[in-house]
Structures are given as C-alpha cells and as structure tokens.
Amino acid sequence: MAAALLLPSSVPLSQPIFSQDDYKKAAAYKAVEFVQSGMVLGLGTGSTAKHAVDRIAELLRQGTLKDIVGIPTSKKTYDQAFSLGIPLSDLDSHPVIDLAIDGADEVDPHLNLVKGRGGSLLREKMVECVCKKFIVIVDESKLVEYIGGSGLAMPVEVVPYCWKFTAVRLQNLFEDTDCVAKLRAVGDDGEPYVTDNGNYIVDLYFKKAIGDLKVASDRILRLAGVVEHGMFLDMATTVIVAGELGITIKNK
Ligand code: 5RP
C-alpha cells in the first residue's frame with residue numbers, strides 16, 4: 001500500500017529547488033517520526049542514513065526522545081553517532097532491534113534491495129535481519145524495475161585470500177547475464193577497498209535481469225570465499241521515497 005505526502009505545495013514543482021540531498025533528508029526525517037523513546041535502533045550507513053542519525057541526535061538533545069540505544073552498521077556511523085552523543089551498543093548486548101533505518105542503492109517494486117555500494121553490507125545485513133521493523137529511506141533515483149536494473153554494482157564481500165579466484169567464480173555464476181566482476185579499488189594506485197571487517201568487495205555488473213533472486217542469493221552464498229552479498233531480499237518492511245512529487249511510503 002502506498003501513501004503520498006506532498007512536500008510544500010507553495011513551491012512550484014517546475015523549479016528544481018530540491019536537491020537530491022534535500023530528498024534524502026526528507027525521507028530520513030520522515031522515517032525518524034517512527035522512532036519512539038526506549039527503542040533499540042539500527043543506525044544505517046551512507047549519505048541518507050546520516051541525516052537520520054543527525055535527526056535522532058537532535059531529538060535526543062531536545063528531550064523529545066529518551067532512552068535510545070543505537071546499533072551502528074559501520075565504523076563511520078559509529079563515529080558519527082558517538083560524536084553526537086547517541087548511546088551505542090552492539091548485537092552481542094542487544095540481539096533484538098526494534099527499528100532499523102537505512103538507505104539503499106536500489107529498490108525494486110517488491111521492496112527487495114541492493115545495498116553496500118558504501119561498503120557496509122555485512123554489518124548492515126547482520127543488524128537489519130534481526131530488526132522488528134526495517135525502514136529504508138531513498139530518493140526516487142534509487143527505484144528500479146528489477147534488481148541490477150540501475151546498471152550499477154551489486155557488491156559481494158569476499159575474503160582477501162585468492163579474491164581473483166572468487167571473482168571469476170562469481171562472474172561465471174552469472175555468465176547468462178554477461179556479468180562482469182570487478183574488485184572495488186580506491187585511490188590512484190588501485191589499492192583494494194578494505195571493509196570494516198578486513199575483507200574485499202567484488203562488484204558484480206549485470207547486463208540482464210538475474211532471474212530468481214533467492215536462487216541467485218543461495219548460489220552466491222554457497223561459494224567458499226564469499227562472506228555476504230548486497231541483495232537484501234524480503235527484509236524491508238517499509239520504504240520511504242522522496243522525490244519531485246513528495247514523499248511516498250510503501251509498506252510490505
Ligand atoms: C552502504 C549502503 C548505503 O545505504 C547505500 O549505499 C546508500 O547510500 P546513500 O544513502 O549514500 O545513497 O548500503 O553500505
């Protein structure tokens with residue numbers, strides 16, 4: 001079910017006064033309206049989730065929210081939340097999470113996601129698969145017809161040991177989609193990107209739809225050397241999309 005909520009109507013929509021970051025912020029602030037005092041919260045990672053963390057900290061400072069415990073999904077989010085004074089913990093101490101709020105790279109019509117272009121997919125999945133409610137916040141550019149449909153990467157976290165071997169096996173798994181597997185690199189000298197968990201990321205680029213996503217997920221996870229992939233299937237309970245026409249809330 002989708003509910004539309006328009007951004008201020010006094011603003012002519014023909015004028016591009018809202019930037020992509022404004023939409024991210026609008027989606028994030030809407031999601032934080034679902035946060036209640038006393039909750040254990042999964043704190044997402046990325047430029048959209050950052051707005052949600054800022055807003056939670058602001059409401060804590062104002063006293064509107066109380067007794068929140070945050071479970072960060074990356075070192076970067078830990079640093080942001082810690083610096084803002086949000087009380088933090090981890091899954092060992094809080095194995096059940098009331099609500100997680102996080103961004104996504106792709107959202108399909110069934111609310112399946114691609115996440116991890118920011119590199120934090122493993123911790124994000126560990127946190128978001130144990131939450132009672134998972135609200136995904138995106139600007140409308142993240143909506144796709146099918147997973148992989150943006151033409152951008154679907155990340156897979158792999159162990160560094162013989163990563164080339166694992167990348168080739170991943171690419172071969174999806175040869176019917178003309179898949180290309182590339183190691184994620186950083187800097188001018190192409191050093192491998194290293195995740196918070198000390199692993200590498202192999203980005204998969206699909207040229208065609210990958211078919212049954214659950215089958216694809218199982219095949220990837222069965223490969224020795226793979227730690228986790230960035231398809232988040234049947235996990236989002238709500239997706240909040242902000243765009244030119246306002247805010248839309250889609251519930252599973
Ligand atoms: C990080 C993620 C992010 O949530 C995803 O990349 C979206 O990021 P942004 O909000 O910056 O567009 O999965 O691992």
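First, the ground rules. Residue numbers start from 1 along each chain as its sequence is written. Because the model is predicted, local features need pLDDT of at least 70 and side-chain atom pairs count only at pLDDT 80 or more, while totals for chains, interfaces and linings use all residues. Helices (H or I, at least four residues) and strands (E, at least two) are DSSP runs, numbered from the N terminus.

I start with the ligand. There are 18 residues around the ligand, and Gly-46, Ser-47, Thr-48, Gly-103 and Gly-118 come nearest. A residue counts as near a molecule or strand if its C-beta atom, placed from the backbone, lies within 6 Å of it. By class, the shell has 10 polar, 5 charged and 3 nonpolar residues. For those classes, Ala, Val, Leu, Ile, Met, Phe, Trp, Tyr, Cys and Pro count as nonpolar, Asp, Glu, Lys and Arg as charged, and the others, Gly among them, as polar. Two helices, H2 (47-62) and H4 (121-128), each supply at least two residues of the shell. H2 gives the most, with 3 residues.

Two packed helices are described by the angle between their axes and the distance between the axes. Axes here are lines fitted to C-alpha atoms, for helices over the stretch in contact, and angles run from 0 to 180 degrees between N-to-C directions. Helix H1 (residues 20-32) packs against H2 at an angle of about 45°, with the axes 8 Å apart. That makes H1 oblique to H2. With helix H3 (residues 75-83), the axis of H2 comes within 10 Å and crosses at roughly 25°. H2 and H3 are therefore roughly parallel to each other. The cut-offs are under 35 degrees for roughly parallel, over 145 for roughly antiparallel, 65 to 115 for roughly perpendicular, and oblique for the rest. The crossing of H1 and H2 is right-handed, and the crossing of H2 and H3 is right-handed too. Right-handed means that the near helix is turned clockwise from the far one by less than a right angle, left-handed anticlockwise.

Now the sheets. Two strands pair if DSSP finds at least two bridges between them. An open sheet of 4 strands has the order S9-S12-S8-S13, with antiparallel pairing. Its edge strands are S9 (180-183) and S13, each pairing on one side only. Neighbouring strands of this sheet are turned by 30° against each other on average, direction ignored.

S9 and S12 are joined by 4 bridges, and Ala-181 has Leu-204 in S12 as its bridge partner. S8 (residues 154-158) pairs with S12 (residues 200-205) over 5 bridges, and with S13 (residues 226-229) over 3 bridges.

How many of the residues of S8 are buried? The count is 5 of its 5 residues, where buried means 20 or more other C-beta atoms within 10 Å of the residue's own, exposed 12 or fewer, and partly exposed in between, with C-beta atoms placed from the backbone. Met-154, Val-156 and Val-158 point one way from S8, and Pro-155 and Glu-157 the other way.

The other sheet is open, with 3 strands in the order S5-S6-S14 and antiparallel pairing. S5 (106-107) and S14 (231-232) stand at the edges with a single partner strand each, so one side of each is left without a neighbour in the sheet. S5 and S6 (residues 113-114) pair over 2 bridges, with Val-107 opposite Leu-113 in S6.
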